[in-house]
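Dear colleague,

Please find below the structure for your review. My notes on what was found in it follow directly after.

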Amino acid sequence: MLRLDSYPMLARIVFPVTLAGVLLLTLLPARFLPDLGGAVTLHDDKLHHAIAFAVLAALGSLGWPEHKTRLIVVLAFTGAAIEVLQGSQLIGRDLDGFDWVADCAGMACGLTIAGWTKRRVGGLP
C-alpha cells in the first residue's frame, strides 16, 4: 500500500510519461491514425483532448502543488502548441481552436479532481 507522502513522488514520475504519450498521440501524422483503430469523430476528439489534459492537470497538481499557476500556463501553452503543430503540413491534421478550449476545460476538471483528492485523502500538500 502506498503511503500518503508517496503520492506526490508517484505523480512526478507518471506526469512526464503521460505527457509524452499525449504528445505522441496528438502529433502523430494523419496517415498513421487509421492504424490506431478507426476514425475519430468530432465529439470523440474533444473528449480525448479534455480527458488527456484533465489527467495531466491532476497529476501535475498532485506532483507539484506549489506550482499550480506555472502548471496551468505550461499546459495551456502545450495545448496551443499542439494545435499549431497539428495544422502544419508535416503532420497533416487540422488546427482546431476548440480542441484548445477542450484542453482548458479538461485542465479545470483535473485541477478540481486533484483538489478534491487532496482534501479527501488528507495530509497531502
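In this predicted model, Lys46 forms a salt bridge with Asp99, and their closest N and O atoms are 2.7 Å apart. A salt bridge here is a side-chain nitrogen of Lys or Arg within 4 Å of a carboxyl oxygen of Asp or Glu. The pair links distant parts of the chain, with Lys46 in helix H2 and Asp99 in helix H4 (residues 97-121), 53 residues apart. Helices (H or I, at least four residues) and strands (E, at least two) are DSSP runs, numbered from the N terminus. Both Lys46 and Asp99 are buried; buried means under 20% relative accessible area, exposed over 50%, and partly exposed in between (1.4 Å probe, protein chains only). Lys46 counts as buried because its relative accessibility is 17%. Lys46 also meets Asp45 in a salt bridge, at 3.5 Å from N to O.

As to the basis of these values, residues are numbered from 1 along each chain as its sequence is written, and side-chain values use heavy atoms, with hydrogens and water left out. Since the model is predicted, local features need pLDDT of at least 70 and side-chain atom pairs count only at pLDDT 80 or more, while totals for chains, interfaces and linings use all residues.

The count of salt bridges comes to four. Another of them joins Glu66 to Arg12, with the closest N and O atoms 3.6 Å apart. This pair, too, links distant parts of the chain: Glu66 is in the loop between H2 and H3, Arg12 is in helix H1, and 54 residues separate them. Glu66 counts as exposed at 52% relative accessibility, whereas Arg12 counts as partly exposed at 38%.

The chain as a whole has four helices and zero strands. Of its 125 residues, 37% count as buried. Its accessible surface comes to about 7800 Å², of which 71% belongs to carbon and sulfur atoms; such areas come from the Shrake-Rupley method with a 1.4 Å probe, and for residues only the protein chains shown count as cover. Among contacts (heavy atoms within 4.5 Å) with a separation of 6 or more, 76% are between residues 24 or more positions apart.

One aromatic pair was found. The ring centres of Phe15 and Trp64 are 5.5 Å apart and the planes stand at 80°, so the pair is edge-to-face. Rings of Phe, Tyr and Trp (its six-membered ring) pair if their centres lie within 6.5 Å; planes under 30 degrees apart count as stacked, over 60 as edge-to-face and the rest as tilted. Phe15 lies in helix H1 and Trp64 in the loop between helix H2 (42-63) and helix H3 (68-86), so the pair ties together parts that are 49 residues apart in sequence. Phe15 is buried at 11% relative accessibility, while Trp64 is partly exposed at 27%.

Phe15 is also among the contacts of Leu71, a residue of helix H3. Neighbours within four places in sequence aside, Leu71 is in contact with Phe15, Ala57, Gly60, Ser61 and Leu111. Leu71 is buried, with a relative accessible area of 10%.

Finally, the structure holds zero disulfides, a disulfide being a pair of cysteine sulfur atoms within 2.5 Å. Cys104 is partly exposed at 23% relative accessibility, as is Cys109 at 45%.

With kind regards
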